[in-house]
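Dear colleague,

Please find below the structure I promised to hand over, shown together with its sequence. My notes on what was found in it follow directly after.

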Amino acid sequence: MTNIQLNAEMLRNMSIIAEDENLLRRAVKYLRKLVAEKEDATLFTKEEFFQRIDEAKKGPSYELKEGETIEDLINRI
């Protein structure tokens, strides 16, 4: 579907929803959520999340020794 077709489909559906205040409120709430997701660069899909975990497992790992601080660890590595 092209962008123009998608816009037309959205407007057709919005004209139906606009007749029902409850549906319109739900649509606005969902649209706000979509906009917030687009603006939040930290959000990613479940698949992306687990891919990042798998990639992180490939890298080095470090453990704090007993009584060691984060600063000590950073200086050690």
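I would begin at the surface, where Y30, L31 and L34 make a nonpolar patch of about 270 Å². Patches here are made of residues with over 30% relative accessible area and no salt bridge, nonpolar side chains (Val, Leu, Ile, Met, Phe, Trp, Tyr) being joined within 5 Å and like charges within 9 Å. The areas come from the Shrake-Rupley method with a 1.4 Å probe, and for residues only the protein chains shown count as cover.

Before going further, please keep in mind that this is a predicted model, in which local features need pLDDT of at least 70 and side-chain atom pairs count only at pLDDT 80 or more, while totals for chains, interfaces and linings use all residues. Residues are numbered from 1 along each chain as its sequence is written, and side-chain values use heavy atoms, with hydrogens and water left out.

Y30 counts as partly exposed at 48% relative accessibility, and L31 counts as partly exposed at 38% (buried means under 20% relative accessible area, exposed over 50%, and partly exposed in between, with a 1.4 Å probe and protein chains only). The C-alpha atom of L31 is separated by 44 Å from that of I74, which is 43 residues away along the chain.

As for the overall fold, the protein chain has 4 helices and 0 strands, in the order α-α-α-α along the sequence. The radius of gyration is 23 Å, well over the 11 Å that the globule rule gives for 77 residues, so the chain is more spread out than a compact globule. That radius is taken over C-alpha atoms, and the rule is 2.2 Å times the number of residues to the power 0.38. Helices (H or I, at least four residues) and strands (E, at least two) are DSSP runs, numbered from the N terminus. Taken along the principal axes, the C-alpha atoms fill a box of roughly 65 × 30 × 15 Å. Buried residues make up 4% of the 77 residues, and the accessible surface comes to about 7,500 Å², of which 56% belongs to carbon and sulfur atoms.

Turning to charge pairs, a search of the whole structure finds 3 salt bridges, a salt bridge being a side-chain nitrogen of Lys or Arg within 4 Å of a carboxyl oxygen of Asp or Glu.

- R12 pairs with E9, the closest N and O atoms being 2.8 Å apart; the two residues are 3 residues apart in helix α1 (residues 3-17), and are therefore separated by about one helical turn. R12 is partly exposed at 47% relative accessibility, and E9 is partly exposed at 30%.
- R25 and E21 meet in a salt bridge at 2.5 Å, N to O, and both lie in helix α2 (residues 21-39), 4 residues apart, or about one turn of the helix. R25 is exposed, and so is E21.
- R76 and E68 form a salt bridge at 2.9 Å, N to O. Here R76 is partly exposed, with a relative accessible area of 40%, whereas E68 is buried, with a relative accessible area of 15%.
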